[in-house]
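Trainee: I would like to go through the labels on this model and ask what stands behind each one.
Mentor: Good. Bring it up and ask away.

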Amino acid sequence: MMPSSMQALIAPRAFLALSWKRYTEHLGRFLEVSLWMLVPFFIQIAYIFLLTSTVTDTELRTVWTSNQILARTLQTVVMTWVQVRLIKLALAQNPKDEGYIVSHPHIGWAFVLPLLWVNILTGIAVFGGAIAFVIPGIWLFFSLLFSGIIVVDQRLRGLRALEASYALVRRRWWPVVGRVTLSGISFLGMLFLATFSFSLIFRVLFGGEALQTLSQLNRALLFDGVVSVDALRAFSLLELQDALIASIATPFLVASQVVLYRSLLEANAAPRQEG
């Protein structure tokens with residue numbers, strides 16, 4: 001429980017309402033940033049379709065392996081850059097700053113490596129805690145949740161960003177868990193709704209059998225190791241669809257985390273100001 005002298009965080013209902021308001025009012029600008037996530041997946045489609053039209057069946061596995069290495073590397077870099085820009089956009093205080101961030105794609109590159117390193121450190125800490133016992137992994141996940149925002153907002157690096165996130169969440173762990181769970185449920189609902197909508201559109205345009213065939217080819221590639229021209233092409237198309245869905249829903253997740261981050265900063269500063 002929190003001491004009575006501690007300032008409470010934003011109320012759960014107000015937190016969710018403010019997160020949705022922030023997301024919907026700035027959706028256009030959020031999408032201008034998040035849709036850059038699709039670039040690596042379009043490159044992957046071009047790469048796979050071009051190579052599979054010229055290589056022999058025996059060379060397909062080489063195409064698959066090289067695609068996994070090159071595509072995953074490019075996706076990681078671009079998605080980290082998009083994450084930086086979404087955080088900056090969510091932190092912006094006025095339309096002028098928001099417009100500048102959106103209209104200048106170079107913004108964010110300076111934070112890519114620091115944020116990527118912090119993401120790796122956070123993943124190692126959470127994974128290590130989960131291996132030891134599940135509960136420490138969960139505890140670390142929520143304690144280090146704001147490390148990425150701190151890298152961008154406070155310009156801290158590496159372990160200092162993780163320590164700052166831990167200090168921010170400390171003594172308010174349960175309230176943070178409750179609010180993050182609320183935003184997570186909303187995020188999953190958005191993913192489900194977007195996935196259902198895109199599946200419905202695809203069925204209307206191409207028929208249900210086409211979607212079923214793509215899904216079967218993709219499963220055969222990923223789970224059975226059946227590498228074929230059709231399977232590789234199906235994989236690239238379905239990955240693009242997943243990336244499009246993620247680009248629509250991810251800004252809400254970032255916006256909600258920034259709303260909670262600001263509330264934590266205010267709550268942690270209040271006792272010092274009163275003292």
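Trainee: How many aromatic pairs are there by this rule?
Mentor: The count comes to eleven aromatic pairs. Keep in mind that this is a predicted model.

Trainee: What makes Trp-36 and Trp-81 an edge-to-face pair?
Mentor: Two values. Their centres are 5.4 Å apart, and the limit for a pair is within 6.5 Å. Their planes stand at 80 degrees; over 60 counts as edge-to-face.

Trainee: Which parts does the pair tie together?
Mentor: Trp-36 lies in the loop between helix 2 (27-34) and helix 3 (39-52), and Trp-81 in helix 4 (residues 60-91). So the pair joins parts that are 45 residues apart in sequence.

Trainee: Why is Trp-81 called buried?
Mentor: Its relative accessibility is 4%. Buried means under 20%, so Trp-81 qualifies.

Trainee: And what makes Trp-36 partly exposed?
Mentor: Trp-36 has 36% relative accessibility. Partly exposed is the range between the buried limit, under 20%, and the exposed limit, over 50%.

Trainee: How do you know that the rings of Phe-141 and Phe-142 are edge-to-face?
Mentor: The ring centres of Phe-141 and Phe-142 are 5.0 Å apart and the planes are at 85 degrees, so the pair is edge-to-face. Phe-141 and Phe-142 also belong to one aromatic cluster with Trp-173 and Trp-174.

Trainee: Is Phe-142 buried or exposed?
Mentor: Buried, because its relative accessibility is 10%. Phe-141, at 38%, is partly exposed.

Trainee: Why does Ser-165 count as buried?
Mentor: Ser-165 has 0% relative accessibility, and the limit is under 20%. Ser-165 sits in helix 9 (residues 158-169). Leaving aside neighbours within four places in sequence, Ser-165 is in contact with residues including Leu-144, Phe-146 and Ile-150.

Trainee: What is the phi of Arg-155?
Mentor: Near 60 degrees, a positive value in a residue other than glycine. Arg-155 is in the loop between helix 8 (147-153) and helix 9. Arg-171 also has a positive phi, about 75 degrees, and is not a glycine. Arg-171 is in the loop between helix 9 and helix 10.

Trainee: Why is Arg-171 called exposed?
Mentor: Arg-171 is at 55% relative accessibility. Exposed means over 50%, so the label holds. Arg-155 counts as exposed at 55% too.

Definitions and conventions
Residues are numbered from 1 along each chain as its sequence is written. This is a predicted model: local features need pLDDT of at least 70, side-chain atom pairs count only at pLDDT 80 or more; totals for chains, interfaces and linings use all residues. Side-chain values use heavy atoms; hydrogens and water are left out. Rings of Phe, Tyr and Trp (its six-membered ring) pair if their centres lie within 6.5 Å; planes under 30 degrees apart count as stacked, over 60 as edge-to-face and the rest as tilted. Helices (H or I, at least four residues) and strands (E, at least two) are DSSP runs, numbered from the N terminus. Buried means under 20% relative accessible area, exposed over 50%, partly exposed in between (1.4 Å probe, protein chains only). Contact means heavy atoms within 4.5 Å.
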